[in-house]
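I set out to read this model entry by entry and to record what I looked up. The notes follow in the order in which I took them.

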Amino acid sequence: MRALAKVCADPQIIVDIYLNYDCDMVLDNIFERLVNDISRIAQGNLADHGLTPQQEIQLKHKGMECLVSILKCLVEWSKDMYRRPMGQRAEEKSGDTDTKETLEEKLLDTPGNETPRSMPRSTSMSSLASAGLNDNPQEFENIKKQKSILEQGIEKFNKKPKKGIEFLQDAGLIGPLPADVARFFHTDERLSKTMIGEILGDDAENCKKIMSDYVDALDFHDMAIVTALRTFLAGFRLPGEAQKIDRLMLKFAQRYYENNPEMSVIFASADTCYVLAYSIIMLTTDLHNDPVRNKIT
């Protein structure tokens, strides 16, 4: 709590946490979680950790001090907005072009003005803004609203995937094409792998297109088939129905065969890959499924 109290007493750290995490479309809401956890401590909503009554009182007081420190930080930070309106801050930034160009070169410039492949996918306007490239509170507010809608959509998806996808598409956070949904499956780790598997294995025509685009986005070049299977299954959980598994394995075999034409010496066709991949799945399930008494030999 002492270390936390020091963090809560620093206005710059508090604002940086909010901008770089809570205003990022991918990262967790660290500031929100921090405030919620400290609030529970201040209210005395603690699990039984064997603390004495005196220690619990001290912990409550420390939690309340942290909350007061956070409020003071926000007040201190907001004073700067009243002392220097947006227009004045923009003029000050325009006079410091060298610094801005240096930051842009570090964060944005790549040969051909292309987005670098190595840039973390969590990079957003919030991380650029914290570097001094943008300081418009309205933009951060808009990002935060979009993130809240995205989190609602993910929650819906993890319960009823089709409704979740429809909700996110209506909100404009996912494109209307199957390739857009497949890309979303690959990029957001908060999605339930079980529900992703249900969509990919579904017999509906649109789900088949999503599954096809999802698998086509994977690269199996120069991989052993077992390694490729691990890569393939890392992003979702296989559904329980045999027909759904069959469709997924057929597409996997096709993609693996396309990516490894030199393997034609071993695999005469994609059907051969399919038989081997399906056999590996069956053997692995049989080996690690304790209720199965009669093991495959």
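**Entry 1**

Which helices are included in what covers the buried residues of helix 10? I looked up this cover in the model, which is a predicted one. I found that it includes helix 8, helix 9, helix 11 and helix 12. Helix 10 spans residues 178-187, and I listed its buried residues as Pro178, Asp180, Val181, Ala182, Phe184 and Phe185.

**Entry 1. The chain as a whole**

I counted 15 helices and zero strands in the protein chain. Of its 297 residues, 30% are buried. I then looked at contacts with a sequence separation of 6 or more, and noted that residues 24 or more positions apart account for 62% of them.

I also checked the confidence of the prediction. The chain has an average pLDDT of 79, and 77% of the residues score at least 70. Over residues 93-133 the pLDDT stays under 50. For that stretch I noted 44 contacts beyond four places in sequence in the model.

**Entry 2. Helix 2**

I turned to helix 2, residues 11-22, which has 12 residues. From its first C-alpha to its last it reaches 16 Å, close to the 16 Å expected at 1.5 Å a residue. At its N-terminal end I found a cap: a side-chain oxygen of Asp10 lies 3.0 Å from the backbone nitrogen of Gln12.

The buried residues of helix 2 are Ile14, Val15, Ile17, Leu19 and Asp22. As background to such a list, I recalled that an α-helix has 3.6 residues a turn, so residues three or four places apart point the same way.

**Entry 3. Asp22 and Lys144**

I placed Lys144 in helix 8, residues 137-157. Lys144 is buried as well, with a relative accessible area of 16%. Leaving aside neighbours within four places in sequence, I listed Tyr18, Asp22, Asn29 and Glu32 as the contacts of Lys144. On the same terms, the contacts of Asp22 include Asp28, Asn29, Ile30, Phe31 and Lys147. I also noted that Lys144 and Met25 are 119 residues apart in sequence and 7.9 Å apart in space, C-alpha to C-alpha.

**Entry 4. Salt bridges**

How many salt bridges does the structure hold? I recorded 15, and I looked at several of them in turn.

The side chains of Asp202 and Lys162 meet in one of these, at 3.4 Å from N to O. Asp202 lies in the loop between helix 11 (193-201) and helix 12 (205-216), and Lys162 lies in helix 9 (residues 161-170), so the pair ties together parts that are 40 residues apart in sequence. Asp202 is buried at a relative accessible area of 18%, whereas Lys162 is partly exposed at 46%.

Asp188 and Arg190 form another salt bridge through their side chains, at 2.9 Å from N to O. I noted Asp188 as buried, at 8% relative accessibility. Arg190 is partly exposed, with a relative accessible area of 25%.

Arg247 forms a salt bridge with Asp203, and the closest N and O atoms are 3.4 Å apart. Arg247 is in helix 14 (residues 242-259) and Asp203 is in the loop between helix 11 and helix 12, so this pair ties together parts that are 44 residues apart in sequence. Asp203 counts as partly exposed, at 47% relative accessibility. I also found one network, in which salt bridges with shared partners join Glu198, Glu241 and Lys244.

**Entry 5. Backbone at Asp222**

Where is Asp222 found? I located Asp222 in the loop between helix 12 and helix 13 (225-233). Its phi is near 55 degrees, a positive value in a residue other than glycine. I set this beside the general rule that most residues other than glycine have a negative phi. Asp222 counts as exposed, at 71% relative accessibility.

Conventions: Residues are numbered from 1 along each chain as its sequence is written. This is a predicted model: local features need pLDDT of at least 70, side-chain atom pairs count only at pLDDT 80 or more; totals for chains, interfaces and linings use all residues. Side-chain values use heavy atoms; hydrogens and water are left out. A salt bridge is a side-chain nitrogen of Lys or Arg within 4 Å of a carboxyl oxygen of Asp or Glu. Helices (H or I, at least four residues) and strands (E, at least two) are DSSP runs, numbered from the N terminus. Buried means under 20% relative accessible area, exposed over 50%, partly exposed in between (1.4 Å probe, protein chains only). pLDDT is the predictor's confidence in each residue, from 0 to 100. Contact means heavy atoms within 4.5 Å. The expected span of a helix is 1.5 Å times one less than its number of residues. A polar contact is a pair of N or O atoms within 3.5 Å; within protein, one must be able to donate a hydrogen and the other to accept it, and residues adjacent in sequence count only if both atoms are side-chain atoms.
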